[in-house]
Amino acid sequence: MSENIIFVDKQYKFILDLIPMGECLVNKGKSITSFTSEVFCFKFKEQQEQGWVLKPISVNNLREAVAERAAYKFSNEAGLGIVPETKIGSYKGMVAIIKPFIDSNNHLSDETYKYLLASNNDNIKDLKNFWFVFGQWDTSSDNAIYTNDGRLISIDNTNIANIQKVGTYGEPHFVKTFFTSHPNEGSIEQADRIIGPGKNVLEVLNTKFGENAAKSVNAEIIAKKPYFEFTYFVNDNYVWRNHYSFDKFPNYFVPKAQMDIKSLEKFTTIKNIDCNNIFKTTLQELQTILEMQEEPNAKSIIYSLDRHFDIICEGINQRYDLAYDYLVDQYDEGIAELTC
Ligand SMILES: Nc1ncnc2c1ncn2[C@@H]1O[C@H](COP(=O)(O)OP(=O)(O)OP(=O)(O)O)[C@@H](O)[C@H]1O
Ligand SMILES: [Mg+2]
């Protein structure tokens with residue numbers, strides 16, 4: 001059966017060899033990474049040398065499609081080159097994300113990943129600032145690829161779509177998670193932590209917050225984990241959770257990263273990016289796809305996504321300011337030390 005992807009410009013492209021990502025990684029002799037979405041690899045009929053990745057997105061999760069496409073636009077407009085070119089299309093009546101398959105030697109081990117993150121070269125500094133400012137908080141090694149030309153890049157950027165808060169530059173993001181009638185507890189500076197075997201953590205969560213907690217985490221998977229940590233605070237009826245595991249990746253940010261003038265100038269190019277414009281143009285693309293699919297609720301879906309991404313954009317601007325102030329202070333301190 002012939003299958004195709006339709007792009008925003010209404011161009012049809014025929015595809016071949018669509019297979020689940022797990023199988024694809026094994027065929028390429030790589031180990032299987034940890035992931036939850038239905039992700040596939042495939043080839044375009046007219047250009048069979050290059051592999052591609054397809055991620056169908058359900059109509060309830062369209063914010064993920066916007067996040068993936070917008071992440072590419074951010075990286076591209078800032079000249080960072082750390083997100084593969086990502087497009088929105090239509091596949092079998094579903095919205096889908098399409099990007100090139102990036103070849104790499106193999107999945108990164110935790111050790112190699114930690115080592116790379118600590119190396120703090122220009123590529124790593126750009127990547128950390130991209131993660132921090134744009135809110136790609138899920139920086140596990142499954143979401144990064146070390147390319148054959150020696151660069152670490154960010155391949156799964158759906159989490160940009162989460163409403164999130166940060167305390168100071170370099171601190172991990174807290175994600176707005178679920179509603180609770182529980183009173184305020186902890187704070188972004190002093191978060192609470194529930195730790196232990198997955199089953200026990202789930203019990204504590206259930207006692208404290210009721211069913212909403214179990215629904216917000218992947219309870220089946222967590223119940224089997226010998227160790228799990230849930231770091232959070234409660235503010236105005238919402239639980240804000242930090243998913244970051246300090247035990248696993250202590251080098252998310254190197255607090256005293258050396259900021260030279262070149263990196264600082266590069267960072268300021270991020271300021272010129274109009275995140276409202278990026279989200280709005282991406283939403284127009286999505287609307288075109290939904291209308292092509294004759295989605296009856298296209299208008300209201302786009303309207304509610306538009307409001308959601310206004311909030312996301314405010315967060316991006318705030319994090320930019322936090323990072324910029326920190327980095328400029330640090331740069332000034334460095335200059336002062338040199339001139340002493
Ligand atoms: N562009 C790419 N090039 C090479 N491999 C990729 C690419 N995109 C995804 N993969 C592989 O597919 C796996 C799953 O993809 P991805 O991380 O996007 O899905 P996921 O984690 O299930 O998504 P989500 O977090 O949105 O639920 C990755 O860990 C990686 O091994
Ligand atoms: Mg992933």
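Predicted model: local features only at pLDDT ≥ 70, side-chain atom pairs only at ≥ 80, totals over all residues.
Local features are reported at pLDDT of at least 70 and side-chain atom pairs count only at pLDDT 80 or more, whereas totals for chains, interfaces and linings use all residues. Residues are numbered from 1 along each chain as its sequence is written, and chains are lettered from A and ligands numbered from 1 in the order in which they are written.

Secondary-structure elements are DSSP runs numbered from the N terminus, with helices (H or I) of at least four residues and strands (E) of at least two, and two strands are taken to pair if DSSP finds at least two bridges between them. Six strands close into a barrel in the order E1-E2-E3-E4-E6-E5, with antiparallel pairing. Neighbouring strands of this sheet are turned against each other by 45° on average, direction ignored. Helix H9 (residues 275-292) lies across strand E1 (3-7), E5 and E6, and runs at about 5° to E5.

Strand E11 (residues 192-196) pairs with strand E12 (residues 228-235) over five bridges, Arg-193 having Thr-231 in E12 as its bridge partner. On pairing with strand E13 (residues 238-242), E12 likewise forms five antiparallel bridges, and the partner of Thr-231 in E13 is Asn-242. The hairpin of E12 and E13 has two residues between the strands, and Asp-236 takes a positive phi near 45° there.

Helix packing is described with axes fitted to C-alpha atoms, for helices over the stretch in contact, and with angles from 0 to 180 degrees between N-to-C directions. Helix H4 (residues 122-134) packs against helix H8 (residues 261-271) at about 30°, with the axes 11 Å apart. That makes H4 roughly parallel to H8, given that angles under 35 degrees count as roughly parallel, over 145 as roughly antiparallel, 65 to 115 as roughly perpendicular and the rest as oblique. The residues of this contact divide into three nonpolar, two polar and four charged, where Ala, Val, Leu, Ile, Met, Phe, Trp, Tyr, Cys and Pro count as nonpolar, Asp, Glu, Lys and Arg as charged, and the others, Gly among them, as polar. H4 also packs with helix H10 (residues 298-339), at about 135° and with the axes 7 Å apart, and H4 and H10 are therefore oblique to each other. In this contact Asn-129, Phe-132, Val-133 and Phe-134 of H4 meet Ile-316, Arg-319, Tyr-320 and Ala-323 of H10.

Ligand 1 is surrounded by 20 residues, the closest being Thr-33, Phe-35, Ser-37, Asp-156 and Thr-158, where a residue is near if its C-beta atom, placed from the backbone, lies within 6 Å. Helix H1 (21-27) and strand E4 (47-57) are the elements that give two or more residues to this shell.

Terms used
Contact = placed C-beta atoms within 7 Å.
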